[in-house]
Amino acid sequence: MPFARLASATTPTCHIGLGLAAVGRPGYINLGRDEDLGEDRSVDALRGRTHELLDAAYAQGVRYFDAARSYGRSEEFLADWLKSRPGLDDIVVGSKWGYTYTAGWSTDAETHEVKDHGLATYERQRAETDALLGDRLDLYQIHSVTPDSPALGDKELHARLAEAAAQGLTVGFSTSGPAQGEAIRAALAVTVDGEPLFRTVQSTYNVLETSAGAALAEAHDAGLTVIVKEGMANGRLAGPHAPDVLREIAGRTGLGCDAVALAVVLRQPWAGVVLSGAATTAQLASNLHAAVVDLDDEQLDRLAALAEDPHAYWQRRGQLPWH
């Protein structure tokens, strides 16, 4: 498991990763992104921004970096950065397949990505990822598995993924939607020749959406590395948009709402890596303070009370505009 590299890391931030969803393409659903990125969203501008973030993250102890085929040019930007720093052998690189980016570098495209978990999509996107990241890729995840995903029952796909695993690639999956727990448990039951197929799970978990917690604990107990995405609820937990309770507690800590929100996730005993989705180096620095936030039981109880019904949470997420 490449994540053993993180186990040997000693920096306070080694369990915080950097996800590239917000900077690999000009449009995304994070709140406040208009201010974060400004008007210049050319390929060169976002490439430069991504490299700046990667440099800052590595310098501050981050060792896991997460991309996807559907995050615009995120794999390309990450690959360019890795090629210019060939000596970095203490990091873990993950990507995902299953969505195809279709926005054509536009923020107002009618469709930004198309989901397909079929074998043909896997083979096409695996070749595309391999052409960019090659042997630097450590983890390849099925993107956004839901209980009805055909990937859960496709034996031919499982066999191909098992072949990749036998050649040294770690195979994982991510989840989304109000039934994440069901999807996680279904994926845990997938085996090839009697052996579990998946070694990692990446799920949405934050103070507003905690429904996957029990299933993620089960995955951890089964030996999977748990990666948490959307710990900031696509910007809903950032300062300008944060609930009053979160703002009050953040004020007491002297740190940002983002650091407090991510600290709650880091406290979960099953959380192996918690992703920052920062779009600026200032946001990244603030996110990384999560590693030193100290919360008492009363504060944790008040934050836990913010949890929403998962169906309501995902309905609201689905209504967020692409900025």
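Which residues touch the most other members of the largest nonpolar core? I looked this up in a predicted model, where local features need pLDDT of at least 70, side-chain atom pairs count only at pLDDT 80 or more, and totals for chains, interfaces and linings use all residues. Residues are numbered from 1 along each chain as its sequence is written, and side-chain values use heavy atoms, without hydrogens and water.

**Core.** I took a nonpolar core as a set of buried Ala, Val, Leu, Ile, Met, Phe, Trp, Tyr and Cys residues joined through side-chain atoms within 4.5 Å; buried means under 20% relative accessible area (1.4 Å probe, protein chains only). Among the 92 residues of the largest core, I found that Leu-18, Phe-65, Leu-78, Phe-173 and Phe-198 touch the most other members. Helix H10 (residues 257-266) contributes the most to this core, with eight residues. Helices (H or I, at least four residues) and strands (E, at least two) are DSSP runs numbered from the N terminus.

**Helix H10.** I noted that nine of the 10 residues of H10 are buried, so this helix is largely enclosed by the rest of the structure. Its buried residues include Cys-257, Asp-258 and Val-265. They pack (contact: heavy atoms within 4.5 Å) against strands E11 and E12 and helices H9, H11 and H12.

**Barrel.** I traced a closed barrel of eight strands, E1-E2-E3-E6-E7-E10-E11-E12, with parallel pairing; two strands pair if DSSP finds at least two bridges between them. Strands E3 (residues 92-97) and E6 (residues 139-145) run parallel and are joined by four bridges. Gly-94 has Leu-139 as its bridge partner in E6.

Note on methods: Buried < 20%, exposed > 50% of the residue type's maximum accessible area, 1.4 Å probe, protein only.
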